[in-house]
Amino acid sequence: MDYQSTRGKVGGIPFSKAVLMGLADDGGLLLPAEIPRLTPGDIDALGKLDYRELAFQIISLYATDIPAADLRELVDRSYAAFTHPDITPVVHKDGVFILELFHGPTLAFKDVALQFLGNLFEYLLAADNARMNILGATSGDTGSAAIYGVRGKKNINIFILHPHGRVSPIQKLQMTTVTDDNVFNLAIRGTFDDGQAIVKEIFGDVDFKQRYSLGAINSINWARVLAQIVYYFHAWNRVREQTGCNSIDFAVPTGNFGDIFAGYVAKRMGLPVGKLLLATNENNILTRFINEGDYSVGEVRPTLSPSMDIQKASNFERYLYYLLDGDSAKLAAWMQTFNETGRLPRDEALAEKVRRDFASASIGNDRTLETIRDFHAGTGYILDPHTATGVATARVLAEGSRPVVCLATAHPAKFGDAVQQAIGQLPPMPQSLAGIEERESRCKIVDADTQKIRAFIEAHAL
Ligand SMILES: Cc1ncc(COP(=O)(O)O)c(C=O)c1O
Ligand SMILES: N[C@@H](CCOP(=O)(O)O)C(=O)O
């Protein structure tokens with residue numbers, strides 16, 4: 001399988017090179033040259049597999065230059081760090097299916113891909129005795145999952161930018177209490193969007209990128225999206241076993257559009273998905289796009305679901321590529337317009353096409369709290385505030401004819417303040433967080449300034 005850029009100037013790249021490249025060298029995002037289409041028989045056969053074997057089978061379709069035995073070992077090792085035997089179990093509560101994606105080391109869905117990506121980087125670098133300096137931006141969860149994925153690994157340093165004062169206290173501690181020599185946490189005076197723009201700008205300087213062998217752990221890296229496709233198949237199998245349904249909907253709390261894009265790819269592979277229900281918080285640019293065709297950027301507002309406090313959704317470019325039927329020239333022009341004006345041209349015919357696959361709702365803080373409260377009162381189950389936006393969206397938008405799977409993207413213990421506000425008690429603390437407040441912590445506060453970040457990397461890179 002070869003990879004090509006959404007902007008059309010980079011192509012014919014094998015999987016392993018695409019993983020190391022991260023952002024395409026023409027500024028676009030890498031996509032597989034084609035999305036494999038599975039038959040209903042293939043999908044039934046996948047339904048009989050456990051999570052590790054399913055992951056191996058799906059990833060094999062795209063990672064065609066990694067020998068099968070090596071890939072199997074990478075996958076097995078990546079999911080050994082999960083605390084639930086089903087890796088991403090599905091539970092049935094109050095009429096919805098909850099896909100629990102938070103049983104990895106840092107208690108958010110990011111672990112599913114970043115445990116794998118950390119091991120994959122190590123494997124690819126070892127083959128050439130090479131080094132890598134990872135640069136990533138986080139609104140709270142990617143950062144710690146990436147750090148846990150590569151902490152202490154030889155030949156890798158990691159630099160993570162998070163928005164100062166805009167992540168939850170536990171999210172911050174999960175990042176900053178990892179004091180291995182190869183980990184550098186930078187709290188920027190700005191928003192996640194500022195951090196992501198800095199990362200893209202630095203990756204866009206191809207000389208700098210090559211000189212320091214920069215690696216990407218954000219969902220601009222195709223391997224992230226790839227590993228996230230797996231749990232859509234897994235959830236389908238589990239729900240089908242229980243209900244005998246013919247198709248399902250997924251409700252996905254969304255910020256950078258990586259997770260829901262993985263669901264879109266699963267649908268294109270043949271998974272019987274009815275609608276992808278996209279949940280946003282007050283940072284609702286994607287909801288406005290889906291419902292009104294209006295893609296215009298606003299201020300990033302702090303909310304109770306801080307990991308979704310994003311306006312410029314990186315992976316949206318990958319989706320636009322398919323929406324524009326692979327017209328790279330038009331897409332490149334659109335992205336330039338967006339960068340210059342903060343908005344995309346309105347196109348009602350395209351918006352209509354979008355609504356065949358997606359429906360969306362924007363869930364404010366009050367509704368988020370109300371959903372956590374009601375769900376807890378009815379079931380005893382505690383939703384984290386991100387998952388609550390998905391459950392609320394499912395309640396508003398589900399058509400009733402198909403089961404809905406809500407992606408539980410984080411463990412509630414990461415967002416204790418919001419949970420306490422909703423139900424008057426803190427969620428139970430998982431063992432992995434015990435004593436985290438007492439651990440030594442390391443973080444540098446910096447301006448959201450590309451030159452300063454670049455200089456920091458130069459001074460600390462491998
Ligand atoms: C807990 C949580 N939920 C939802 C999201 C949104 O996912 P995505 O950025 O892939 O749209 C994030 C951040 O990525 C997150 O950390
Ligand atoms: N919500 C994310 C934002 C970054 O998204 P990514 O999927 O592109 O890494 C976070 O928690 O950092």
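**Notebook: a span, a ligand shell, a helix pair**

I looked up residues 96-316 first: the end C-alpha atoms lie 27 Å apart, and the span is 44% helix and 19% strand. Helices (H or I, at least four residues) and strands (E, at least two) are DSSP runs, numbered from the N terminus. The UniProt record, an unreviewed entry, places "domain: Tryptophan synthase beta chain-like PALP" at residues 96-316; its positions are in the numbering used here, feature names are shortened, and annotations may be inferred rather than shown by experiment.

I noted that this is a predicted model, where local features need pLDDT of at least 70, side-chain atom pairs count only at pLDDT 80 or more, and totals for chains, interfaces and linings use all residues. Residues are numbered from 1 along each chain as its sequence is written, while chains are lettered from A and ligands numbered from 1 in the order in which they are written.

Next I checked ligand 1. It has 18 residues around it (C-beta atom, placed from the backbone, within 6 Å). Asp141, Asn256, Gly258, Ser307 and Thr409 come nearest. Helix 11 (residues 258-268) gives the largest share of this shell, three residues.

Last I took helix 5 (residues 110-128) and helix 10 (residues 222-243), which pack at about 135° with axes 8 Å apart. Axes are lines fitted to C-alpha atoms, for helices over the stretch in contact, and angles run from 0 to 180 degrees between N-to-C directions. Helix 5 is therefore oblique to helix 10 (angles under 35 degrees count as roughly parallel, over 145 as roughly antiparallel, 65 to 115 as roughly perpendicular and the rest as oblique).
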